[in-house]
Amino acid sequence: MRLRVEFTTEPFDLDEAPAHAVVAREVIQSAELDAVDVGPFGNTAEGGADAVLTAVDELLRKSLAAGATRVSLQVNVIGDAIGEGAK
């Protein structure tokens, strides 16, 4: 099964990326994911379920430890989830 994660961390700082945002991006960029897109107001990545869930766990732990007061994320199943789940 493949998943897509979309996330943002807060509080925002328009002048400079806060430590929690930098840490979150580093986690996603170093994970075994593909289709990674990081931006100033949102980030997305795709990969196998295990890789995405492992990255989300690390993302939450490290960004909160680095000062995030809120992490908004959405995880979606992409591809043929029904056919893949039946195998």
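The largest pocket in this predicted model has a volume of about 200 Å³. A pocket here is an open set of points on a 1 Å grid over the protein atoms alone, where a 1.4 Å probe fits, with protein on both sides within 12 Å along at least five of seven lines. The volume is the space filled by probe spheres set on the points, which are joined across faces, edges and corners. Lining residues (an atom within 4 Å of a point) number 19, and Phe12, Pro18, Ala21, Arg25 and Pro40 sit closest to the pocket centre. Sorted by class, the lining has 10 nonpolar, 6 polar and 3 charged residues; Ala, Val, Leu, Ile, Met, Phe, Trp, Tyr, Cys and Pro count as nonpolar, Asp, Glu, Lys and Arg as charged, and the others, Gly among them, as polar. With 4 residues, α1 gives the most to this lining. Helices are DSSP runs (H or I) of at least four residues.

Now for the helix pair. α1 packs against α2 (residues 49-65) at an angle of about 160°, and the axes lie 9 Å apart. Axes are lines fitted to C-alpha atoms over the stretch in contact, and angles run from 0 to 180 degrees between N-to-C directions. The two helices are therefore roughly antiparallel, a label for angles over 145 degrees. Contact (heavy atoms within 4.5 Å) involves His20, Val23, Ala24, Val27 and Ile28 of α1, along with Ala55, Glu58, Leu59, Lys62 and Ser63 of α2. By class, that makes 6 nonpolar, 2 polar and 2 charged residues.

Residues are numbered from 1 along each chain as its sequence is written. Local features need pLDDT of at least 70 and side-chain atom pairs pLDDT 80 or more, while totals for chains, interfaces and linings use all residues, and side-chain values use heavy atoms, leaving out hydrogens and water.

How values were computed: Angles under 35 degrees count as roughly parallel, over 145 as roughly antiparallel, 65 to 115 as roughly perpendicular and the rest as oblique.
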